[in-house]
Amino acid sequence: MHRRLTILAAGVLLSGCLSMNVPEDAFFYPDTRLAAEKVTLPPDIPMGFEADVLSLPYSGGTVGVTRVRTGRADAPLILFCGGNMFRRSAGAGKTAAKLAPFGDALMFDYPGYGDTAGQADYATFMAAGTAVADAARAQADAEGRKLIAWGHSLGGPVCAQAAQYMRADALVLETTTPSTRAAVDTMVGWARPFVRIHIAPNLNSIDIPAALQAYPGKVVVLEAGRDDTLPASLSRRLAHDLEAEGVAVEHLTFPQAGHNDVGKQPDFQPRVSAALAGL
């Protein structure tokens, strides 16, 4: 994604054009796009926990959902919102292994991905996310669990909205961006002062600090020092902007991590556990 927009900006300059459009589908990778671009996702690991496969209705059809159970009755329930390549068929096992130290997990496919029907656009993503958030709130209440939202990359904005909507006790924002515009400006890089950028309206409206105004829960921002997709500066800006909104933020930096391997760092579990302690 980063490379694609940087190349586009360079092409805009070389052609003498000083305007660039960022359509909504620039950031989404539904199954049709993976097939068209011959993208093969890395294999998943086996699911190491009891898991229920569910299907939830929403305005676009049904959402494919997996509920992972750790067997700990007092563990929080974590609603996980994945990145733009995430689907349960290729990441449920890995995601469950990463989240299990902190609680049970509820993960879902975005519209156009895996087992979820619908068009891959941000409004439909949010509609599906709202349906799963309703289910997460109901399950957490029925089982007497705390509720955490956890968004990785593209899932950051989705889970930020969900956290506010479902009154989550905490929100984890992993290697994401405060806004679409901040991400695009960073990706365009050196060409930015010379280019007029037009972002699709739904994308341009994404603003995590604005969405979390007056959010009463705790927010944990996870920064990857070697992130070449959404650079570490975006996580730093996100933490700063959330603090400016009066949100309680804990900002954890993992200097050796890339965009997708924060969870593999040796100090990941103890540091995140400490940040979420006391919920």
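**Note on the predicted model**

1. Arg167 is exposed, with a relative accessible area of 55%. Exposed means over 50%, buried under 20%, and partly exposed in between (1.4 Å probe, protein chains only). Arg167 has a positive phi of about 55°, although it is not a glycine. Its place is the loop between helix H5 (155-166) and strand S7 (170-174). Helices (H or I, at least four residues) and strands (E, at least two) are DSSP runs, numbered from the N terminus.

2. On the basis: this is a predicted model, in which local features need pLDDT of at least 70 and side-chain atom pairs count only at pLDDT 80 or more, while totals for chains, interfaces and linings use all residues. Residues are numbered from 1 along each chain as its sequence is written, and side-chain values use heavy atoms, with hydrogens and water left out.

3. Confidence. The chain averages a pLDDT of 92, and 92% of the residues score at least 70. Over residues 1-16 the pLDDT is below 50; beyond near neighbours in sequence, this stretch has 32 contacts in the model. The score is the predictor's confidence in each residue, from 0 to 100. A contact means heavy atoms within 4.5 Å.

4. Ala214 also deserves a check of its backbone. Ala214 has a positive phi of about 65° and is not a glycine. Most residues other than glycine have a negative phi. Ala214 lies in the loop between helix H8 (208-211) and strand S9 (218-224). Ala214 is exposed, at a relative accessible area of 71%.

5. H3 is mostly covered, with 9 of its 12 residues buried. Among them are Arg88 and Lys98, along with Gly91 and Gly93.

6. Aromatic pairs. The whole structure holds 10 of them. Phe108 and Tyr110 form an edge-to-face pair, 5.4 Å centre to centre with 85° between the planes. Both Phe108 and Tyr110 are buried. Tyr113 and Phe125 form an edge-to-face pair too, at 5.8 Å and 80°. Tyr113 lies in the loop between strand S5 (104-108) and helix H4 (122-143) and Phe125 in helix H4, so the pair ties together parts that are 12 residues apart in sequence. Tyr113 and Phe125 are both buried. Ring pairs link Phe28, Phe108, Tyr110, Tyr113 and Phe125 into a cluster. For the terms: rings of Phe, Tyr and Trp (its six-membered ring) pair if their centres lie within 6.5 Å; planes under 30 degrees apart count as stacked, over 60 as edge-to-face and the rest as tilted.

7. Charges over rings. The charged end of Arg33 sits over the ring of Tyr29, 3.8 Å from its centre. The charged end of Arg271 sits over the ring of Phe254, 4.6 Å from its centre. The test is NZ of Lys or CZ of Arg within 6 Å of the ring centre and within 35 degrees of the ring normal.

8. Thr253 is found in strand S10 (residues 248-254). Thr253 is partly exposed, with a relative accessible area of 29%. Leaving aside residues up to four places away in sequence, Thr253 touches Glu223 and Arg271. The side chains of Thr253 and Glu223 make a polar contact (3.4 Å). Such a contact is a pair of N or O atoms within 3.5 Å; within protein, one must be able to donate a hydrogen and the other to accept it, and residues adjacent in sequence count only if both atoms are side-chain atoms.
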